[in-house]
Amino acid sequence: MAEAHQAVGFQFTVTSDGIDLHLSREVLKHIYLSGVTSWTKRAIRFKNGILTGVYPASPSSLLIVVIAIMSTIYARIDPSLGMIDTIKRTMSVSGYMTVQTQTVLSAILFSTGLWLSLILMLRYILKALLSYHAWIFESHGKISFCTKLWLSLVKMFSGRRPLLYSFQTSLPRLPVPSVDDTITRYLESVRPLLDDEQYNQMEVVANDFKKDQAPKLQKYLILKSWWATNYVSDWWEEYIYLRGRSPIMVNSNFYSMDLLYVTPTHRQAARAGNVVHAMLQYRRKLERGEHAPLRALGVVPMCSYQMERMFNTTRIPGIETDFVRHLSDRKHLVVYHKGRFFKVWLYYGGRHLWPSELETQFQRILDDTTEPQPGELKLAALTAGNRVPWARARLKYFSQGVNKVSLEAIETSAFFLSLDDEVHGYDPDQLRSLDLYAKSLLHGKCYDRWFDKSFTLIAYKNGKLGVNAEHSWADAPIIGHMWEYVLATDCFHLGYTEEGHCKGDINKGLPPPTKLQWDIPLECQEVIEESYMVAKVIADDVDFHGCLFDEFGKGLIKKSRTSPDAFIQLALQLAQFRDKGEFCLTYEASMTRMFREGRTETVRSCTSESTAFVRAMEDKNTAVAQKLDLFRKAADKHQNMYRLAMTGSGIDRHLFCLYIMSKYLSIDSPFLKQVCGCDVNTIIHVKLYFGDQVNIYQNIRQAMLDIRALFDQKDKEKEKEM
């Protein structure tokens, strides 16, 4: 009888005697383990939620406050200035509450209120301290006494062992710059790009805006900054990303590469198994808030808001605007291979699948020889094409039946995995290997990545990896943080057997992956093909040329007491001028994550100082010392602009928000039209444009070598003088 019970899962038989119910011990065991895992997860989240909620204090500090207050009462000292007696008078004496009980309860209530007040006070003190940004403008290696004192105070008020979201409520809000400062910096940024007549016209338009429309727009923007957590981020996500109706493939999505020189295993399924398991480990710590917050100088915390939507997130298309759908605790992922979609469960018996179990599941998919269903092969091209056709197709063809179930499986998955049938990665013996690798990560075949997912993990046939990430929910450093953790865990913690397989036993009892079913009509297949053609035109237009620069690195640049970032930006300006004979508006991104829910700001790298340096470099009659002096001035200018952008005093995000506000208020501004254009997306689509892409590397490489040569010549002159 016992064997019969184990042989079935759940069965029941209706007989004349009633219902005969059969239960499997194995099934009951899995149900029990799943329940234990679920409640354990809830308990940990609850505990970490409390720790984050009372930070920078700790729950144990409440006990200390209560004991201290109780001690003063028994010593007949009243630190509450009569508040404990007031609380006591509100309680009625009864058979269940004696006078002594009243006193104890009153003291506990007062202690709790005092403790909460102290927490709020500590948070506001920390917020005030984090609003100090003078430290970032100090010279490298030189720290003033004021900054040293500030660092000590921040450390003191930051508490011990903070969790990922511990500092969120203590981060300052992004300040709204003054209109005068923004206009002045804007005019300064366009001066090297305009002739005298054009600049004078722009100056007149800017001053008219500053005098007429700007004051009203600025008042409303300041009001929004008081009400909203961040006056930029919600509009930035909506208008720059979600309202864009053009394809997000290439235009918005970005990618991350694998380690260039290291491939731990060449077995595709094994590499995918280890990395997926590492991602699940990262997700578990993320959901519990157990990652350490990123801190500049090891002290100044960065906002962690963007990390919340890393997993279980999908961009859902709409007719006028998309929206980001974020779920919690998804237990499956969807895998694409040779035109088929498979659903793979990530849990077994209340735990994550081990790497060896994931390898088994992925190998089953690789060994599957079934053909794609009609319309399935290029289905993901819908996410690569224009947004409106995809939104309409989703409503019309994927809102019921098997199509709805399968699409729901994709959109609610933890993330998307593509098991590519191609070989990619950096190979120094293969021409353009890095170019093809980057293009594959950026757009692939236009139908083998689900571009709407928060990210698509790509595993190649030779064991190389990569990630394609959707941009609306977060910026590149967020994915970069996860990717570094995953690659380190894969190589240094999980490892592989000598044969290249994942370590651990193989569980042959796992249920195989489920093939998603589709019923795609011919009209929908035509829409898919149209989206594919739109995406293919974009992909074919991508001319990517990537090379490794190994002549020198940031160490040598720092020895010259120069910022590596400024060095590279000036080299780009020099290369651009040599290629085109002119300068152009240049965009470099900086982060504003020292503020709550901060994302990015623009640094306009083309300045009067940089153009002066470039012209001097092209003038053979200019002395080396003068070129170096101009280089220093240009580098210092760039660093100062970068610091201003990081501390909330940038140009473009303020102008962007003024432009959006003018649209809400129906205010026509010629200045904002010239700055932002008809499409708000144009505010960030300003880049360097070179000629022949094959020569880009040579242009930039030579520019970097020429700048380095200035320092070498200066050193030689010093040696001769000695």
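L655 counts as buried, at 0% relative accessibility; buried means under 20% relative accessible area, exposed over 50%, and partly exposed in between (1.4 Å probe, protein chains only). This residue is found in helix α22. Helices (H or I, at least four residues) and strands (E, at least two) are DSSP runs, numbered from the N terminus. The model is predicted, so local features need pLDDT of at least 70 and side-chain atom pairs count only at pLDDT 80 or more, while totals for chains, interfaces and linings use all residues. Residues are numbered from 1 along each chain as its sequence is written, and side-chain values use heavy atoms, with hydrogens and water left out.

What does L655 touch, leaving aside its neighbours within four places in sequence? L655 is in contact with T182, Y186, F671, L672, V675 and C676, where contact means heavy atoms within 4.5 Å. V675 is 20 residues apart from L655 along the chain, and the C-alpha atoms of the two are separated by 7.9 Å.

A disulfide is a covalent bond between the sulfur atoms of two cysteines. Here it is taken as a pair of cysteine sulfur atoms within 2.5 Å. A search of the whole structure finds zero disulfides. C446 is in none, as the nearest cysteine sulfur, that of C524, is 18 Å away. For C676, the closest cysteine sulfur is in C657, at 9.8 Å, which is too far for a bond.

Both residues are tucked away from the surface by the cut-off above: C446 is buried, with a relative accessible area of 2%, and C676 is buried too, with 1%.

## A pair of helices

Now look at helix α20 (residues 608-617) and helix α21 (residues 624-646), whose axes come within 8 Å and cross at roughly 155°. Axes are lines fitted to C-alpha atoms, for helices over the stretch in contact, and angles run from 0 to 180 degrees between N-to-C directions. The two helices are therefore roughly antiparallel to each other; angles under 35 degrees count as roughly parallel, over 145 as roughly antiparallel, 65 to 115 as roughly perpendicular and the rest as oblique.

Which residues meet between the two helices? From α20 they are E609, S610, A612, F613, A616 and M617, and from α21 they are K627, L630, F631, K633, A634 and K637.

Helix α19 covers residues 564-580, and its 17 residues should span 24 Å at 1.5 Å a residue; the end C-alpha atoms are 24 Å apart, which agrees. The expected span is 1.5 Å times one less than the number of residues. Among the buried residues of α19 are F567, L570, L574 and F577. G581 follows this helix and has a positive phi, near 75°.

In helix α14 (residues 401-411), the buried residues are N403, S406, L407, A409, I410 and E411. Their cover includes β6 (313-316), β9 (340-345) and α13 (387-397).

Most residues other than glycine have a negative phi, and most peptide bonds are trans. V250 is not a glycine, yet has a positive phi of about 75°. V250 lies in the loop between α10 (233-242) and β3 (254-257), and at 23% relative accessibility counts as partly exposed. S666, also not a glycine, has a positive phi of about 55°; at 66% relative accessibility, S666 counts as exposed.

Finally, a cis peptide bond joins Y55 and P56, with omega about 10°. P56 is found in the loop between α2 (25-53) and α3 (59-74).
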